[in-house]
Amino acid sequence: MDKKAFRTLMRQRRVALGNAERLRQSHLICEQLLGWYDAQRDAGLTPFSRVASVISYGTEPDTTEFVTGLHERGIQVIVPVPYTDHTMRWAAWTPDVELEETELKGLSQPVGKRFDHDILTEVEAIQVPALAVDSHGHRMGQGGGFYDRVLYHLAQTLDRPVVTLSPVFSHEYYPDFSPIPTDDHDQPVNGAVTTAGIHWTVSGHEK
Ligand SMILES: Nc1nc2c(c(=O)[nH]1)N(C=O)[C@@H](CNc1ccc(C(=O)N[C@@H](CCC(=O)O)C(=O)O)cc1)CN2
Ligand SMILES: Nc1ncnc2c1ncn2[C@@H]1O[C@H](COP(=O)(O)OP(=O)(O)OP(=O)(O)O)[C@@H](O)[C@H]1O
């Protein structure tokens, strides 16, 4: 199956889950993510100060509870500001920030100051949106190549690891066989987060 067909199929499955089931899983995914951040902090491992996340839209896992939890813990949240030329910048998110529509219809972004990718040198973790992830870290995104570009740029410029995690619904994580079509430009993610917890991929030893 090619990427376009697979993407369409995964989007249809998200719709078929229904709102109640999407919200049920989203709540548990957020609990898993916050639990991991708390465990890291309590173990004195990563003193998180800034995390890149997203403003969820449509049928994506709703990570509002996660970003709100980060904010309550004093962790700064930045989210993407996507442009129609498939580049991105970043903006600070807080629970009460005013939102506006992005250049891409249907997505929201905070109003206010924009940052370029250099701000990612100051994040300890990046939430990478995905429609599916396999145990090798292969990821199917929404098709803009936005995150592939960002993660490639980071791999070239960063001299320390940054954790990349993709929250997905349970059926979207493939632990064994993988139907995810891949290209050479695809950048792997370190883990998939489902209701069951964090599944570290071979590209992301347990952090
Ligand atoms: N919440 C959230 N924010 C995000 C992303 C995301 O996946 N989730 N992005 C992650 O990259 C960027 C936006 N990416 C997008 C990429 C494509 C389309 C889109 O509308 N695509 C077309 C056709 C795609 C195709 O199949 O070729 C469509 O849906 O009709 C929307 C957003 C930045 N912000
Ligand atoms: N590093 C890159 N530089 C230039 N173009 C790229 C790069 N990475 C991906 N692209 C282009 O972006 C387009 C979409 O790629 P792909 O289908 O893999 O996106 P995706 O991973 O699903 O999306 P996203 O990263 O936004 O979640 C492709 O046409 C690809 O050629």
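Is Arg24 buried, partly exposed or exposed? I get 45% relative accessibility for Arg24, so it counts as partly exposed. My cut-offs: buried is under 20% relative accessible area, exposed is over 50%, and partly exposed is in between, with a 1.4 Å probe and protein chains only.

**Ground rules.** This is a predicted model, where local features need pLDDT of at least 70, side-chain atom pairs count only at pLDDT 80 or more, and totals for chains, interfaces and linings use all residues. Residues are numbered from 1 along each chain as its sequence is written, chains are lettered from A and ligands numbered from 1 in the order in which they are written, and side-chain values use heavy atoms, with hydrogens and water left out.

**Overall view.** I find 4 helices and 12 strands in the protein. Helices (H or I, at least four residues) and strands (E, at least two) are DSSP runs, numbered from the N terminus. The C-alpha atoms fill a box of roughly 40 × 40 × 40 Å along the principal axes. Of the 207 residues, 48% are buried.

**Salt bridges.** Side chains of opposite charge can pair when their charged atoms come close. I searched the whole structure for salt bridges and got 10. The test is a side-chain nitrogen of Lys or Arg within 4 Å of a carboxyl oxygen of Asp or Glu.

I went back to Arg24 and found its salt bridge with Glu21, with the closest N and O atoms 2.9 Å apart. Both residues sit in helix H2 (residues 19-42), 3 residues apart, which is about one turn of the helix. Glu21 is partly exposed, at 23% relative accessibility.

Helix H2 also holds Asp38 and Arg41, again 3 residues apart. They form a salt bridge with 3.3 Å between the closest N and O atoms. Asp38 counts as buried because its relative accessibility is 18%, while Arg41 at 44% counts as partly exposed.

Next I checked Arg50 and Glu122, whose side chains meet in a salt bridge at 2.4 Å, N to O. This pair links distant parts of the chain, 72 residues apart: Arg50 is in strand S1 (residues 50-52), and Glu122 is in the loop between strand S5 (108-110) and strand S6 (125-127). Arg50 is buried at 17%, and Glu122 is partly exposed at 44%. I also noted one network, in which salt bridges that share partners join Asp38, Arg41, Asp42 and Arg73.

**A residue in a loop.** Where does Gln187 lie? I found Gln187 in the loop between strand S10 (173-174) and strand S11 (191-194). At 16% relative accessibility, Gln187 counts as buried. Leaving aside neighbours within four places in sequence, Gln187 is in contact (heavy atoms within 4.5 Å) with Gly137, Asp148, Leu151 and Tyr152.

**A strand pair.** Strand S2 (residues 76-82) and strand S3 (residues 88-93) run antiparallel, joined by 6 bridges. For two strands to pair, DSSP must find at least two bridges between them. Opposite Val77 I see Trp93 in S3. The hairpin has 5 residues between the strands, and His86 there takes a positive phi near 70°.
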